[in-house]
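Open the model in your viewer and keep the selection panel at hand. Each stop below says what to select and what is there.

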Amino acid sequence: MKEELIATFLQILRFNMRWMTWNLFLAFIPLALSVWLFRTRRGRSWVWWLGFLVFFAFLPNAPYLLTDVIHFVDDIRRIQSVWMITLVLIPIYLLVILAGFEAYVISLINLGYYLHRIGKSQWILGAEMITHALCAIGIYWGRFLRFNSWDFVTQPDAILTKGIEELLGRQPLVIIAITFVILAGLYWIMKRASLSFVVQPHQGTGIQPRQTNQTNSDLS
């Protein structure tokens with residue numbers, strides 16, 4: 001019985017590692033793009049705008065990891081050991097989901113940094129809310145309609161027909177609204193936590209590095 005339980009657990013772990021690794025890879029694509037787009041000083045050429053579109057196409061993959069909790073429920077049903085669930089399975093899921101959502105948070109922090117740098121700090125909150133709404137739609141498309149980010153190129157007709165049509169139903173709108181609230185709430189919490197380690201808000205909008213207690217003139 002013990003050997004059978006361990007074998008089942010290892011089988012589940014191997015299966016989870018495949019989709020977890022792939023989903024994390026997709027989640028870190030927008031993070032890498034956000035550094036290239038918003039943290040480096042470059043002109044907004046056509047290459048920049050192309051990267052910007054790819055950034056938003058892949059961004060829902062980061063918070064999408066929140067929905068992978070459905071796999072966790074299935075795994076619990078298959079694994080009967082409380083110790084394995086508590087000491088191994090839960091930490092793995094928490095690590096993967098938090099890593100994906102943190103990629104989302106840092107990506108938007110980088111976007112806010114860029115808006116502040118170009119003198120559009122007043123746009124940060126609005127940009128965050130619009131992004132949450134778009135990602136809520138993207139998460140719904142990905143989880144229920146099984147669309148991928150690259151389907152904007154490979155299946156644009158399906159997104160414009162089936163994808164838009166689905167948004168007109170009452171149930172999809174409720175799911176998207178709930179997802180939006182969850183994204184906005186978790187983002188606000190994790191943004192505060194992330195900024196407390198690296199940077200601090202400037203007048204509630206922009207982002208400024210932490211200031212030391214002494215200026216250079218004080219130290220000279």
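**Whole chain**

Start with everything selected. Keep in mind that this is a predicted model. Colour by secondary structure: the protein chain has 10 helices and 2 strands. Read along the sequence, the order is α-α-α-α-α-α-α-α-α-β-β-α. Now switch to a surface. The accessible surface of the protein chain comes to about 13,300 Å², and carbon and sulfur atoms hold 68% of that. Of the 220 residues, 40% count as buried. Turn to contacts next. Among those between residues at least 6 apart in sequence, 72% join residues at least 24 apart.

**The nonpolar core**

Select Phe-38, Ile-79, Phe-101, Tyr-104, Trp-141 and Tyr-187. Within the largest nonpolar core, which has 50 residues, these touch the most other members. Now show the elements that give two or more residues to this core: helix H1 (2-39), H2, helix H3 (61-64), helix H5 (82-117), helix H6 (124-144), helix H8 (156-166) and helix H9 (170-197). Which helix gives the largest share of this core? H5 does, with 14 residues. As background, nonpolar side chains in soluble globular proteins tend to be buried together.

Zoom in on Phe-101. Set aside its neighbours within four places in sequence. Phe-101 is then in contact with Ala-62, Pro-63, Leu-66, Leu-183, Leu-186, Tyr-187 and Met-190. Tyr-187 is also on the list of core residues that touch the most other members.

**Salt bridges**

Side chains of opposite charge can pair when their charged atoms come close. How many salt bridges are there here? The count comes to 3.

Select Arg-143 and Asp-68. Their side chains meet in a salt bridge, 2.9 Å from N to O. Arg-143 lies in helix H6 and Asp-68 in the loop between H3 and H4, so the pair ties together parts that are 75 residues apart in sequence.

Move to Lys-191 and Glu-128. Lys-191 is buried at 10% relative accessibility. Glu-128 is buried at 8%.

Now pick Asp-74 and Arg-77. The closest N and O atoms of this salt bridge are 3.7 Å apart. Both residues lie in helix H4, 3 residues apart, about one turn of the helix. Asp-74 is partly exposed at 39% relative accessibility. Arg-77 is exposed at 60%.

**Aromatic rings**

Show the rings of Phe, Tyr and Trp. The count comes to 20 aromatic pairs. Take Trp-49 and Phe-52: their ring centres are 5.6 Å apart and their planes stand at 80 degrees, so the pair is edge-to-face. The angle cut-off for that class is over 60 degrees. Both residues lie in helix H2 (residues 46-58), 3 residues apart, about one turn of the helix. Trp-49 is partly exposed at 42% relative accessibility, whereas Phe-52 is buried at 19%.

Next, select Arg-39 and Tyr-113. The charged end of Arg-39 sits over the ring of Tyr-113, 3.9 Å from the ring centre.

Go to Arg-146, in the loop between H6 and helix H7 (151-154). Its phi is positive, about 60 degrees, although Arg-146 is not a glycine. Arg-146 is exposed at 52% relative accessibility.

Last stop: Val-69, in helix H4 (residues 69-78). Val-69 is partly exposed, with a relative accessible area of 38%.

Conventions: Residues numbered from 1 in each chain as written. Predicted model: local features only at pLDDT ≥ 70, side-chain atom pairs only at ≥ 80, totals over all residues. Heavy atoms only, no water. Phe/Tyr/Trp six-rings, centres within 6.5 Å; stacked < 30°, edge-to-face > 60°. Helix = DSSP H or I, 4+ residues; strand = E, 2+ residues; numbered from the N terminus. Buried < 20%, exposed > 50% of the residue type's maximum accessible area, 1.4 Å probe, protein only. Lys NZ or Arg CZ within 6 Å of the ring centre and 35° of its normal. Core = buried A, V, L, I, M, F, W, Y, C linked by side-chain atoms within 4.5 Å. Contact = heavy atoms within 4.5 Å. Areas by Shrake-Rupley, 256 points an atom, 1.4 Å probe, with all protein chains shown as cover. Salt bridge = Lys/Arg side-chain N within 4 Å of Asp/Glu carboxyl O.
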